[in-house]
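Q: Hi! Could you walk me through this structure while I have it open?

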Amino acid sequence: MNCKNSEKLIMNYMDNILSERDAIKLNEHLRQCNECKEAFTVYEMMIHEFQSFENVAVPSHFEQELMVKINALEPGCLTQKPIAMEWVNSIIWGIFTVLFGSGILLNVYNDKIMSYISQNQTVSEFYKMVSPTGNIIIKHINQMFNYIQGITVYMSGFMIFDYLKIVCGISIFALCCLEIWTKRSKVDA
Amino acid sequence: MKTIDDYDLIQFCIKGDQDAFSEIVCRYKNLVYSVILRMVNDHEEANDLAQEVFIKVYKNLDKYSPEYKFSTWIMRITTNLVIDYRRKRKQETVPIDEMDYEISSADTPENSYIQKEQENIVSTAIRSLPDMYRMPIILYHQQDLSYQEIGEIIGEPLSKVKNRIFRGRKMLKEKLIEMKEGNTL
């Protein structure tokens, strides 16, 4: 047996799972190898000391101090508040994801959707019926868009899309950070 | 009160029974305190941290799920808190050697001298281990927990726990031999 195997057996010995046959093998090796023998004595001393380690009693004022602190906590801290927060969080995320996802889909399949609308009669009739209100909304959006563009161009000469990209990027990044942070604090708890 | 099991006690606590929590504290205070004391080596710090652990336990009682033993759950909170605390302290650059000296002179003089001396040697050696080896060693050898339970506490698979304990023992052995040689020289 080599020293590496002997160390494995010593570990088994420390775990109290050394078989009788292995014990004989180990003994034989320890008789021949001084280095392993020294290691074994140290390990044995270690186990002996570990066994004498006892749990230490807390200071006498521990419990009293603690209960004062617990009593001082706001009474609602053990109720379902965290779960309510979880709900709010997930709803916000749900809405955000749906809006973001459908926005991307609409953008990607823009041409296909428009050609489908123009081909399908019922849908295009519906579209015509809705389009007056739609147009008003689009007009408002365009107005706002122009307004923002005016400001940003005035501010720094940025292209409006660059500006929007940065804003979107920062807000998505902030949301991700917030999510990770809340998850982390949950895991810590 | 002693016959009520932990899970029922927790349910009482959630319903607002402070006495039930006081019983939980009674059952686990020494366990939590001892493990923390082995990690931070200072009675006052250990006291503060143990209080923090129980406040955290109290605030999160409703999140406890009975798939784990309650002691495992408490140990998990303790481990996270202490390791986090030590990480923060390390950033404030506290020399570890200094902490070692403090504890060896602050122990209560109740055990016989030689016994205490040896225990101190092993304790000091344990203190030299990095946290990732130290915690499993303490949980296994001092608290007699199984590899399985330690895995649940530190959130690592069994093989990793075993590995860390084996390596931890080996590092301890080397440290102890080093200390022995240092003494005789």
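**Chat about chain B**

A: Happy to. This is a predicted model, where local features need pLDDT of at least 70, side-chain atom pairs count only at pLDDT 80 or more, and totals for chains, interfaces and linings use all residues. Residues are numbered from 1 along each chain as its sequence is written, while chains are lettered from A and ligands numbered from 1 in the order in which they are written.

Q: Thanks! How many helices and strands does chain B have?
A: Chain B has nine helices and zero strands, where helices (H or I, at least four residues) and strands (E, at least two) are DSSP runs numbered from the N terminus.

Q: And what percentage of chain B is buried?
A: Of the 185 residues in chain B, 31% are buried. Buried means 20 or more other C-beta atoms within 10 Å of a residue's own, exposed means 12 or fewer, and partly exposed is in between, with C-beta atoms placed from the backbone.

Q: How do α2(B) and α3(B) pack?
A: Helix α2 (residues 18–40) and helix α3 (residues 43–59) of chain B pack at an angle of about 135 degrees, with axes 9 Å apart. Axes are lines fitted to C-alpha atoms, for helices over the stretch in contact, and angles run from 0 to 180 degrees between N-to-C directions. The two helices α2(B) and α3(B) are therefore oblique to each other (under 35 degrees is roughly parallel, over 145 roughly antiparallel, 65 to 115 roughly perpendicular, the rest oblique).

Q: Which residues make that contact?
A: Among them are B:Phe21, B:Val25 and B:Ile36 of α2(B), and B:Leu49, B:Val53 and B:Phe54 of α3(B). Contact means C-beta atoms, placed from the backbone, within 7 Å. By class, the contact of α2(B) with α3(B) has 13 nonpolar, one polar and two charged residues. Ala, Val, Leu, Ile, Met, Phe, Trp, Tyr, Cys and Pro count as nonpolar, Asp, Glu, Lys and Arg as charged, and the others, Gly among them, as polar.

Q: Switching topic: how many residues does each chain give to the contact between chains?
A: Chain B gives 35 residues and chain A gives 26. On the side of chain B that touches chain A, α2(B) has the largest share, nine residues. By class, that side of chain B has 16 nonpolar, eleven polar and eight charged residues.

Q: Last one: which residues of α8(B) are buried?
A: In α8 (residues 147–154) of chain B, they are B:Ile150, B:Glu152 and B:Ile153. Seen down the axis of α8(B), the buried residues fall within an arc of 160 degrees, so they line one face of the helix; the arc is that of the directions from the helix axis to the C-beta atoms. After α8(B) comes B:Gly155, with a positive phi near 70 degrees.

Note on methods: Contact = placed C-beta atoms within 7 Å.
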